[in-house]
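Please find below a note for a colleague who is new to this structure.

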Amino acid sequence: MAYASTSPISYLGAMAVGAMEDNTGFAPATKEISALTKAAAAGHIQLTASILAAGGSVDTLCNRDISGSGAFIGTVPSDYTSTLGTGMAMDRLNAHANLMFGTGPIQMAQTFFITEGFTQTSERLAPTLNKLNEGVEFGKFPNLDSLVYPSNGVFPNYLGSGYQDYQAVATNGISSLVRNPTKANFELLASDLVNLGSAFSVADIANFANPGQVVAALNNADAMTASGLNVVLAAVGIDPSTIYNLGDSTYNVLMQEVLNAVNVPELVSNSQTLLESNISDMQSLGDYTNFDKIFVHSKDVIAFSTIEEFRAKLQALELGRIETVAQLASYVGSVEPVTLPTIGNATKFVKREYVDSVIAKFLGGTGLYNSITLQDMIGILGGVGVSTPARNYRTAIQALYDAGELTALRARLAELSAGLNGDYTTVISAEVTGPPLIPEVINILDPFDNSNHGDFGSFQANKIGHIEAACAALMSRRNVNADIQTAIDNWRAISKKVFDEKDFQSRIDMNYGIRTDFSDNAVSFVQGLRGTINERGKGQIIRGLVDQAVLDGDEGGEYMSAYVKELENKAVADTFDIRWRAEFDE
């Protein structure tokens, strides 16, 4: 047991709270990621201020899959533009992170609070929803020899032979034991079971109600002499303490004969008393396995006609820690059925229109059973999901630059920048202010194809065509230079991460429009890190936020960094019940 501290927060934790209240301690990790990536773009791709200022079609330049999904220019891939908005990709990344962070750490904490509540719900629902999504069915899994492989590759999940309808699900299979599931019928079956006393063992369900169990029960009750079994077993040379082969049919035939041989009323009565059974009209100990004498009250309602069928039905049910027939009787008699006038005859377990909307809201993440994690929803705050792809992308772009793969594209971009700056413009006639007004006439010569343009719009459109062609030419060399595909894949991964987070966040109200700056949020947030920092991927996001603050020279970030490390180290100390000195104790 870990050392029990009387303090809810450590000294470092208290200072971390103060750092947050002072609007320090955290910064979006995308700050450095986007800066480094934009620098790489500016240095290797030559995205000049004039190009970026042009806007319009530049925002979607080369962003189709046939021209590199924006990786060679820095634009958002075409299939994500409707969600990520306009502007260059790194700007969209920053905008998303800044929205989550708000005006400072306290508003960032509120983003965490809302997200944690949603992800906790997802985590709780995921195991059940995931099974429902895979197609749970009533009944037993069909014979594999006749099973047709499903087109989607997902085999359905079956509840088991004891669960054929909703009634069986509501009663956990008890309704399968009777033909008409009513409380009265359950009680009738229970009354017959309780009369068996301790003659049979439910703990050994595979051999339940075999005659050998009766012999073993009497032996365990030190009743061999009182029941007369000692004489019969001695006659056939069987030691009652070695009764073990209850599953062998031949052995059970012999045990049944042994029980049948004890038919003296006094000995039968002794056995009933010692086993606390109450079977009517018992002629011999062999009647313990007499189906008609066992199920006297429930014979007209039970859904089985032999002991073997009853055993098979019990084996199909979940019986938990039930070991005795008395416990089984109590359980059966206490369960209540439900009235289901409409769905009682349903043949499919999952009603899609009821579960699909819940599945769509709470599943789809990377957590266990497809649950949604903190990293799925707000990982970008700490650089999770984008820092590695961004680094890989920058490495690939540098390699492409070094290999001369970007030369043609850089030249076309340089021409666009020069043209927009007026370097290719010739004034044919100056503007006359009139009256009448005569506009200025210019000519813009595109040096790449020697085409003439009377305005910048025409020149830009022509140049964009040249840039798109250069991007397509790069794409055609993917099989020659692997860095081209590496750049594309990692660039797409960055935009997909932003896209996915926006999708997950759209499922709830993130309250971005009504956030507050209440300082108690800092207390709740810092205290909440203790014991939960490694749940649902929280720790990696927190470290990314803190590391960025430290990188920015934020002293509060250092206090927060120390506190986070303290939490990690304290978890180690707790395993050895070590008192943590920096936690106040009385």
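1. The model under discussion is predicted. Its protein chain holds 25 helices and 5 strands.

2. As to overall dimensions, the C-alpha trace of the protein chain spans about 130 × 70 × 50 Å along its principal axes. The radius of gyration of the protein chain is 38 Å, whereas a compact globule of 586 residues would have a value near 25 Å.

3. Of the 586 residues in the protein chain, 46% are buried. Among contacts in the protein chain with a separation of 6 or more, 69% join residues 24 or more positions apart.

4. Two packed helices are described by the angle between their axes and the distance between the axes. For helix α11 (residues 229-236) and helix α12 (residues 249-261), the axes come within 9 Å and cross at roughly 135 degrees. Helix α11 is therefore oblique to α12, an angle over 145 degrees being required for roughly antiparallel. The crossing in which α11 passes α12 is right-handed.

5. Which residues of α11 and α12 meet? From α11 the contact involves Leu-229, Val-232, Leu-233 and Val-236; from α12 it involves Met-255, Val-258, Leu-259 and Ala-261.

Definitions and conventions
Residues are numbered from 1 along each chain as its sequence is written. This is a predicted model: local features need pLDDT of at least 70, side-chain atom pairs count only at pLDDT 80 or more; totals for chains, interfaces and linings use all residues. Side-chain values use heavy atoms; hydrogens and water are left out. Axes are lines fitted to C-alpha atoms, for helices over the stretch in contact, and angles run from 0 to 180 degrees between N-to-C directions. Helices (H or I, at least four residues) and strands (E, at least two) are DSSP runs, numbered from the N terminus. Angles under 35 degrees count as roughly parallel, over 145 as roughly antiparallel, 65 to 115 as roughly perpendicular and the rest as oblique. A crossing is left-handed if the near helix is turned anticlockwise from the far one by less than a right angle, and right-handed if clockwise. Contact means heavy atoms within 4.5 Å. The radius of gyration is taken over C-alpha atoms; the globule rule is 2.2 Å times the number of residues to the power 0.38. Buried means under 20% relative accessible area, exposed over 50%, partly exposed in between (1.4 Å probe, protein chains only).
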